[in-house]
Amino acid sequence: MSQEDDLPRPERIPFFQRVLENPFLLLFIGIVMPTVFYVLWGVMEVATIPVAP
């Protein structure tokens, strides 16, 4: 039995834990998501304005 077999394997960090522990990624998501939603909302509002006679 080799010494490598005795060492514990490092635990794999779950994806969402890595996302939530990254402050720059959270900042990016917090700026981009509302911007995209407001732009889409604005486009939908402009698209629903009736054409002037």
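Mentor: A residue counts as buried under 20% relative accessible area, exposed over 50%, and partly exposed in between, with a 1.4 Å probe and protein chains only. By that scale, 2% of the 53 residues of the protein chain are buried. The model is predicted, with local features requiring pLDDT of at least 70, side-chain atom pairs counted only at pLDDT 80 or more, and totals for chains, interfaces and linings using all residues. Residues are numbered from 1 along each chain as its sequence is written, and side-chain values use heavy atoms, with hydrogens and water left out.

Along the principal axes, the C-alpha atoms of the protein chain fill a box of roughly 85 × 20 × 10 Å.

Confidence is expressed as pLDDT (the predictor's own value for each residue, from 0 to 100), and its mean over the protein chain is 90, with 91% of the residues reaching 70 or more. Among the elements, helix 1, residues 3-6, has the lowest mean pLDDT, 66, whereas helix 3 has the highest, 97.

Now to the part you asked about: the structure holds two aromatic pairs (ring centres within 6.5 Å, using the six-membered ring of Trp; planes under 30 degrees apart are stacked, over 60 edge-to-face, the rest tilted). Phenylalanine 15 and phenylalanine 16 form an edge-to-face pair, 5.4 Å from centre to centre and with 70 degrees between the planes. Phenylalanine 15 is exposed at a relative accessible area of 52%, and phenylalanine 16 is exposed as well, at 63%. The pair of tyrosine 38 and tryptophan 41, by contrast, is stacked, with 6.1 Å between the centres and 25 degrees between the planes. Both tyrosine 38 and tryptophan 41 belong to helix 3, where they lie three residues apart, about one turn of the helix. Tyrosine 38 has a relative accessibility of 58% and so counts as exposed, while tryptophan 41, at 48%, counts as partly exposed.

Methods: Helices (H or I, at least four residues) and strands (E, at least two) are DSSP runs, numbered from the N terminus.
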